[in-house]
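Please look through the sequence and the three-dimensional structure shown here before reading the report that follows.

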Amino acid sequence: MAVWDVLAGLVSPVTDLIDDLHTSDEERLAVKARVFELQTAMATKVLDYESRLMEAQAKVITAEAQGDSWLQRIWRPVTMLCFLALVILDSFGLLAFRLAPEAWMLLQIGLGGYVVGRSVEKVAPTLRDAFRGES
């Protein structure tokens, strides 16, 4: 989990500093426990933000899919199909040019929006609740 790794990287120097302090073991453990509580609280807030962001993105895609105009409903799938065709043609060397790395990145982002985005949308609330200690 990248969010947890980033937060752990931020908190690790603090916990190392706590170990270097000349205090009792009990005081060091109490301060470390508080730092880890803060780390968990930050992770919860980040996951909550990501969950709300995914929900907003899902609402945009849903609104497009239910739009009045046929073009509004199909522009994303048509765009991804065009990129898929370009990838296949590029893979077989049938294009007069090679696809730029940015084209590959755009394809990954587009596929991620459909495949990964939906999965994260379902999992993020569960992770958020787990960090909060809810069931």
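Two residues are said to be in contact when heavy atoms of theirs lie within 4.5 Å. This is a predicted model, in which local features need pLDDT of at least 70 and side-chain atom pairs count only at pLDDT 80 or more, while totals for chains, interfaces and linings use all residues. Residues are numbered from 1 along each chain as its sequence is written, and side-chain values use heavy atoms, with hydrogens and water left out.

The protein chain contains four helices and zero strands, and its pattern along the sequence reads α-α-α-α. Helices (H or I, at least four residues) and strands (E, at least two) are DSSP runs that are numbered from the N terminus. The predictor's confidence in each residue is given by pLDDT, on a scale from 0 to 100. For the protein chain the mean pLDDT is 76, with 81% of the residues at 70 or more; confidence is highest in H3, at a mean of 82, and lowest in H4, at 68. Among the contacts in the protein chain with a separation of 6 or more, 53% are between residues 24 or more positions apart.

Of the 135 residues in the protein chain, 21% are buried. Here buried means under 20% relative accessible area, exposed means over 50%, and partly exposed is in between (1.4 Å probe, protein chains only).

| Residue | Location | Relative accessible area |
|---|---|---|
| Gln39 | helix H2 | 2% |
| Gly67 | loop between H2 and H3 | 11% |
| Ala103 | helix H4 (residues 101–132) | 17% |

How far apart are the C-alpha atoms of Gln39 and Val11? They are separated by 7.0 Å, although Gln39 and Val11 are 28 residues apart along the chain.

Gly67, in the loop between H2 and H3, is in contact with Gln72 and Arg73 when its neighbours within four places in sequence are left aside. Gln72 and Arg73 also belong to the part of H3 that, with Trp75 and Arg76, meets Val60, Ile61, Ala63, Glu64 and Ala65 in H2. By class, this contact of H2 with H3 has five nonpolar, one polar and three charged residues. Ala, Val, Leu, Ile, Met, Phe, Trp, Tyr, Cys and Pro count as nonpolar, Asp, Glu, Lys and Arg as charged, and the others, Gly among them, as polar.

The axes of helix H2 (residues 25–65) and helix H3 (residues 70–91) come within 7 Å and cross at roughly 125°, and H2 and H3 are therefore oblique to each other. Axes are lines fitted to C-alpha atoms, for helices over the stretch in contact, and angles run from 0 to 180 degrees between N-to-C directions. Angles under 35 degrees count as roughly parallel, over 145 as roughly antiparallel, 65 to 115 as roughly perpendicular and the rest as oblique.

The largest nonpolar core has six residues in all, namely Met80, Phe83, Val87, Leu99, Ala103 and Leu107. H3 and H4 each supply at least two residues of this core, and H3 gives the most, with three residues. A nonpolar core is a set of buried Ala, Val, Leu, Ile, Met, Phe, Trp, Tyr and Cys residues joined through side-chain atoms within 4.5 Å. Leaving aside its neighbours within four places in sequence, Leu99 is in contact with Leu86, Val87, Asp90 and Trp104.
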